[in-house]
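Q: Hey, I'm new to this one. Can you walk me through it?

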Amino acid sequence: MEAMITLKDVKKTYQGRDVVKNLSLTIHKGEVFALLGANGAGKTTTIKMILGLTKVSAGSIEIREGSRIGYSPETPYFPPYLTAMEVMQYYAGLGGNKAKKDKTYLKGLLELAGLEDDKTKVKNFSKGMIQRLALAQALIEDPDVMILDEPTAGLDALGRRHNLDLLRKMKEQGKTIIINSHILHDIEAICDRGVIMKKGEVIDNWTNGISHESLEDKFIRLVGEE
């Protein structure tokens, strides 16, 4: 399988403390990969290093040349006085691709994410609507890699199913998807494999469907151990 992202002995140190330790993993083209762990396990720091938002202290991260990356953060923020379409136009403008500023194109992405283009301001959006908008803006540049931090958090059952179905469609299109989520049922529903992290280290490699033990049981057993 073709490697999309490769981490080799990656380490991140903050104020003398290692928050990620000797992390090595390969994420392949077209797979849905899960980063799992309790709060403070090093998942978000790993994502920031992949995105280039923070530098590695040691080791290396290689991303397939020319790959476009879309990112939806755990706690997205958008200017409250803008509508969803205005938010999309703003982010499309940052990309510098005039074709991506086309309203018909952006409207299609909003509808794909489950949002209608209306006059409602972001300040009146529910948490779930904010999450959907974050997913739509992450798709603007038609990325090869999607990095999603808690993509179904704050959504009701219908919203979660809609987002999972959208992720399946993106996988069918050959996109590589990295998900950080605490909703383990959703991880089992969509992810091919992943890692469980604890205190900055990988403590288990998980592959969907090869064990009779549920992911939740495995997670509690491993992460709950002191």
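**Strands, sheet and helices**

Q: How many bridges join β1 to β4, and do they run parallel or antiparallel?
A: β1 and strand β4 (residues 58-63) run antiparallel, joined by 5 bridges. Strands here are DSSP runs of E with at least two residues, helices are runs of H or I with at least four, and both are numbered from the N terminus. Two strands count as paired if DSSP finds at least two bridges between them.

Q: Which residue in β4 is the bridge partner of K11?
A: That's A58.

Q: Okay, and how does β1 pair with β2?
A: Strand β1 (residues 3-14) and strand β2 (residues 17-28) are antiparallel, with 8 bridges. L7, for instance, has L25 in β2 as its bridge partner. The hairpin has 2 residues between the strands, and Q15 takes a positive phi near 50° there.

Q: Where does this model come from, and how are residues numbered?
A: It's a predicted model, where local features need pLDDT of at least 70 and side-chain atom pairs count only at pLDDT 80 or more, while totals for chains, interfaces and linings use all residues. Residues are numbered from 1 along each chain as its sequence is written, and side-chain values use heavy atoms, leaving out hydrogens and water.

Q: What's the average pLDDT of the chain?
A: It's 91, and 97% of the residues score at least 70; pLDDT is the predictor's confidence in each residue, from 0 to 100.

Q: Switching topic: what's the strand order in the open sheet?
A: The order is β5-β6-β7-β3-β8-β9, 6 strands with mixed pairing. β5 (69-72) and β9 stand at the edges with a single partner strand each, so one side of each has no neighbour in the sheet. From one strand to the next, the twist averages 15° (axes are lines fitted to C-alpha atoms, for helices over the stretch in contact, with angles from 0 to 180 degrees between N-to-C directions).

Q: How do β3 and β8 run?
A: Parallel, with 5 bridges. A34 has G194 in β8 as its bridge partner.

Q: What does α5 lie across?
A: α5 lies across β3, β6 (145-149) and β7 (176-180), at about 145° to β7.

Q: Which residues of α7 are buried?
A: In helix α7 (residues 215-223) they are L215, K218, F219, L222 and V223, where buried means under 20% relative accessible area, exposed over 50% and partly exposed in between (1.4 Å probe, protein chains only).

Definitions and conventions. Contact means heavy atoms within 4.5 Å.
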